[in-house]
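Take a look at the chain below.

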Amino acid sequence: METSSFASAFILLLLVTDPLGGIPLFVSLLKQVPKARRTRMIVREVSVAFCVLVIFMLFGQQFLQLMHLSETSLGIAGGVILFLIALRMVFPHPEGVFGDTEEGEPFIVPLAIPLLAGPSALATVLLLVSREPARLWEWIGALALTMLVCGFTLAFSEKISILLGERVTTAFERLMGLILTAIAVEMLLSGIRHYLATLP
């Protein structure tokens with residue numbers, strides 16, 4: 001992840017948010033919401049997630065300075081978080097990738113946060129902007145496209161779940177988990193290399 005393109009940033013954000021892998025959870029959450037309210041709820045949750053991630057993009061550097069964090073530590077932390085989530089995708093837990101969820105209509109939690117704008121997504125957008133701040137609008141565009149895909153996946157989650165079936169959905173999630181594991185390891189190695197380079 002020394003340099004990123006629009007396409008690679010979009011793919012990384014898509015892997016991190018994992019809309020297809022979250023379909024079973026999306027379906028269970030949406031069943032509790034009347035059909036007349038689902039579209040409005042999906043737009044609300046995706047918009048909240050997008051705004052949270054954009055705020056982290058815009059104020060990422062200030063956040064790092066305020067918390068006295070370096071880009072190296074952020075890269076390593078992001079890699080660790082991605083790795084842990086990837087492991088839960090490859091070896092599924094009964095409560096899902098992001099843990100247990102409460103019953104009732106979702107409001108910000110758990111759809112917007114942490115499903116869409118979780119720790120790994122926050123770390124990823126911070127990392128993109130901190131490494132190449134001049135391409136901010138490109139990263140916002142990649143994020144907007146990612147949120148659009150997530151929104152459509154939410155809207156059609158029931159149909160996609162029926163079409164793909166549980167086994168195909170699970171297999172696809174594990175495949176995405178393997179890819180995300182490789183990305184996480186690369187982020188960790190990159191962070192370690194940067195840290196070793198600063199040593200006397």
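Is R88 buried, partly exposed or exposed? R88 counts as partly exposed, because its relative accessibility is 21%. The terms have cut-offs: buried means under 20% relative accessible area, exposed means over 50%, and partly exposed lies in between, with a 1.4 Å probe and protein chains only. R88 is found in helix 5. Its C-alpha atom is separated by 8.8 Å from that of R174, 86 residues apart along the chain.

**Ground rules**

This is a predicted model, where local features need pLDDT of at least 70, side-chain atom pairs count only at pLDDT 80 or more, and totals for chains, interfaces and linings use all residues. Residues are numbered from 1 along each chain as its sequence is written, and side-chain values use heavy atoms, with hydrogens and water left out.

**Overall build**

The protein chain has nine helices and zero strands. Helices (H or I, at least four residues) and strands (E, at least two) are DSSP runs, numbered from the N terminus. Along the sequence the pattern reads α-α-α-α-α-α-α-α-α. Of the 200 residues in the protein chain, 42% are buried. Now take contacts, meaning heavy atoms within 4.5 Å. Among those between residues at least 6 apart in sequence, 88% join residues at least 24 apart.

**Confidence**

How confident is the predictor? pLDDT is its confidence in each residue, from 0 to 100. The mean pLDDT of the protein chain is 80. A value of 70 or more is reached by 88% of its residues. Among the elements, helix 8 (residues 136–155) has the highest mean pLDDT, 94. Helix 2 has the lowest, 72. Over residues 97–102, pLDDT stays under 50. The model has 14 contacts beyond four places in sequence for that stretch. Where pLDDT is low, the predicted coordinates should not be read in detail.

**Annotated spans**

An unreviewed UniProt entry carries the annotation "transmembrane region". UniProt positions are given in the numbering used here, feature names are shortened, and annotations may be inferred rather than shown by experiment. Two of these spans can be checked against the model. Residues 111–130 are 90% helix and 0% strand, with end C-alpha atoms 26 Å apart. Residues 136–156 are 95% helix and 0% strand, and their end C-alpha atoms lie 30 Å apart.

**Helix 7 and its partners**

Start with helix 5 (residues 71–90) and helix 7 (residues 119–131). Their axes come within 9 Å and cross at roughly 145°. Axes are lines fitted to C-alpha atoms, for helices over the stretch in contact, and angles run from 0 to 180 degrees between N-to-C directions. Helix 5 passes helix 7 in a left-handed crossing. A crossing is left-handed if the near helix is turned anticlockwise from the far one by less than a right angle, and right-handed if clockwise. On helix 5, the contact residues include G75, G78 and I81. On helix 7, they include A123, T124 and L127. The contact residues divide into eight nonpolar, five polar and two charged. Here Ala, Val, Leu, Ile, Met, Phe, Trp, Tyr, Cys and Pro count as nonpolar, Asp, Glu, Lys and Arg as charged, and the others, Gly among them, as polar.

Helix 3 (residues 35–58) also meets helix 7. Their axes come within 8 Å and cross at roughly 35°. This crossing is right-handed. V52, L53, F56 and M57 in helix 3 meet A121, L122, V125, L126 and V129 in helix 7. These residues divide into nine nonpolar, no polar and no charged.

**The loop between helix 1 and helix 2**

D18 lies in the loop between helix 1 (6–17) and helix 2 (23–30). D18 counts as buried because its relative accessibility is 4%. Its phi is near 50°, a positive value in a residue other than glycine. Most residues other than glycine have a negative phi. G21 is found in this loop too.

The table lists C-alpha pairs.

| Pair | Apart along the chain | C-alpha separation |
|---|---|---|
| G21 and M89 | 68 residues | 7.7 Å |
| G22 and T170 | 148 residues | 9.8 Å |
| Y195 and E71 | 124 residues | 9.8 Å |

Y195 is found in helix 9 (residues 157–198). At 46% relative accessibility, Y195 counts as partly exposed.

Key: pLDDT is the predictor's confidence in each residue, from 0 to 100.
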